[in-house]
Amino acid sequence: MRAIEITHPGGPEVLQICERPLPSFKPGEVLIKVQAAGVNRPDVFQRTGNYSPPPGASDLPGLEIAGEIVDGDFGSSPFKKGDLVCALVQGGGYAEYCCAPTAQCLPLPDGWSAAEAASLPETFYTVWSNVFDRAKLASGETLLVQGGSSGIGAAAIQIATALGHRVFATAGSDEKCRACEALGAERAINYRTEDFAAVIKAATDGKGVNVILDMVAGDYVPREISCLADDGRLVFIATLGGSSASIDFRHVMMRRLTITGSTLRPRPVAFKAAIAAQLQERVWPLLAAKKIKPVIFKTFPLEQAAQAHALMESSSHIGKIMLTV
């Protein structure tokens with residue numbers, strides 16, 4: 001099969017087309033003929049040598065795919081050969097074929113293309129796991145999404161808005177802010193020209209937001225603590241702004257704040273299967289009803305994975321970057 005491999009750690013140019021044997025599915029897995037794959041920040045980190053695949057995972061990049069099941073160990077799975085699915089994988093998505101645990105597969109949402117479906121798993125699993133499971137965003141609570149124009153941000157804004165929450169977001173340009181608001185954010189804040197903490201406090205009558213989903217960290221953290229409501233939860237999914245911060249923990253104690261975070265890739269299949277079940281029950285009907293839509297900025301053929309990575313590193317995109325196979 002054709003695949004994209006990382007020839008050595010470095011810039012986008014180290015992504016090269018290659019020939020690899022078809023992967024062999026393990027018990028509880030299916031073999032998928034890939035039609036589309038998502039490009040995500042962890043792929044960039046892996047390419048630069050800063051994010052190694054978990055033990056036993058493919059060395060090929062790619063964490064989310066969509067395509068046709070062509071073989072597998074189906075067991076009690078509802079899937080069969082010929083079914084079209086999207087799936088979360090630990091690696092190997094930048095290829096013509098990829099194996100996925102059946103428990104991490106979801107049916108293509110009604111009316112969506114393979115490229116649109118492949119844009120969902122990594123972002124939707126991440127958002128659901130962190131915002132709704134870990135941070136426990138509850139009815140009537142508010143959410144702030146840092147990096148609202150990213151793939152993760154677009155998913156978080158749409159899911160939380162569709163479920164009835166007030167959502168705020170930050171982004172790095174007025175154009176990106178308007179895009180966040182078009183997706184459902186009540187107010188998007190240009191972090192280059194505005195103080196997001198001051199805007200949030202004003203918009204919530206001084207109370208602050210209940211949950212913050214953050215992929216920045218660094219010097220954002222003290223300001224995030226200042227604009228959390230009492231009993232608020234701050235959840236990290238990346239540290240693009242730095243992995244350390246200075247915090248006055250008296251505020252954490254006196255206001256009963258929770259600071260947490262997670263990474264999805266190394267978690268076991270059973271954990272991801274539970275998320276998949278929640279997504280199919282709570283979110284897939286919203287996709288079918290077009291209350292949530294995939295946001296795809298640009299699609300590249302598999303051979304142009306390097307150009308896709310260069311675009312991601314430019315941060316000029318709004319939404320997802322995809323590869324078609």
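**Ground rules.** I am working with a predicted model, in which local features need pLDDT of at least 70 and side-chain atom pairs count only at pLDDT 80 or more, while totals for chains, interfaces and linings use all residues. Residues are numbered from 1 along each chain as its sequence is written, and side-chain values use heavy atoms, with hydrogens and water left out.

Entry: I took a pocket to be an open set of points, on a 1 Å grid over the protein atoms alone, with protein on both sides within 12 Å along at least five of seven lines; a cavity is a set of points where a 1.4 Å probe fits but cannot get out, and lining residues have an atom within 4 Å of a point. Grid points are joined across faces, edges and corners, and a volume is the space filled by probe spheres set on the points. The largest pocket holds about 1,000 Å³ of space. I counted 46 residues in its lining, and those nearest its centre are Arg 41, Ser 150, Met 215, Ala 238 and Leu 240. Two or more lining residues come from each of helix H1 (41-47), helix H3 (121-134), helix H4 (151-162), strand E9 (166-171) and strand E15 (320-324); helices (H or I, at least four residues) and strands (E, at least two) are DSSP runs, numbered from the N terminus. H3 gives the most, with five residues. By class I noted 18 nonpolar, 21 polar and seven charged residues in this lining, where Ala, Val, Leu, Ile, Met, Phe, Trp, Tyr, Cys and Pro count as nonpolar, Asp, Glu, Lys and Arg as charged, and the others, Gly among them, as polar.

**Entry: the second largest pocket.** Here I found a volume of about 530 Å³ and a lining of 29 residues, of which Glu 29, Gly 56, Ala 57, Ser 58 and Cys 99 lie nearest the centre. Strand E6 (97-101) and helix H9 (269-288) each supply at least two residues of this lining, with E6 giving the most, five residues. The classes are 17 nonpolar, seven polar and five charged.

Entry: I then followed Lys 320, which lies in strand E15 and is buried at 4% relative accessible area; buried means under 20%, exposed over 50%, and partly exposed in between (1.4 Å probe, protein chains only). Leaving aside neighbours within four places in sequence, Lys 320 is in contact (heavy atoms within 4.5 Å) with residues including Glu 64, Gly 151, Val 295 and Lys 298.

**Entry: the cores.** A nonpolar core is a set of buried Ala, Val, Leu, Ile, Met, Phe, Trp, Tyr and Cys residues joined through side-chain atoms within 4.5 Å. The largest has 73 residues, and those with the most contacts inside it are Phe 124, Leu 143, Leu 279, Val 283 and Trp 284. A second, separate core of 15 residues includes Ile 6, Leu 15, Ala 305 and Ile 321.

**Entry: the cysteines.** How many disulfides does the rule give? I counted zero, a disulfide being a pair of cysteine sulfur atoms within 2.5 Å. Cys 105 is in no disulfide, and the nearest cysteine sulfur, that of Cys 86, is 8.1 Å away; Cys 105 is buried, at 4% relative accessible area. The sulfur of Cys 177 is too far for a bond because the closest cysteine sulfur, in Cys 180, is 6.1 Å away, and Cys 177 is buried at 1%.

**Entry: positive phi.** Most residues other than glycine have a negative phi. I noted that Lys 290 has a positive phi near 60 degrees, in the loop between H9 and strand E14 (296-301). Ser 315 also has a positive phi, of about 60 degrees; Ser 315 lies in the loop between helix H10 (305-314) and E15 and is partly exposed, with a relative accessible area of 31%.
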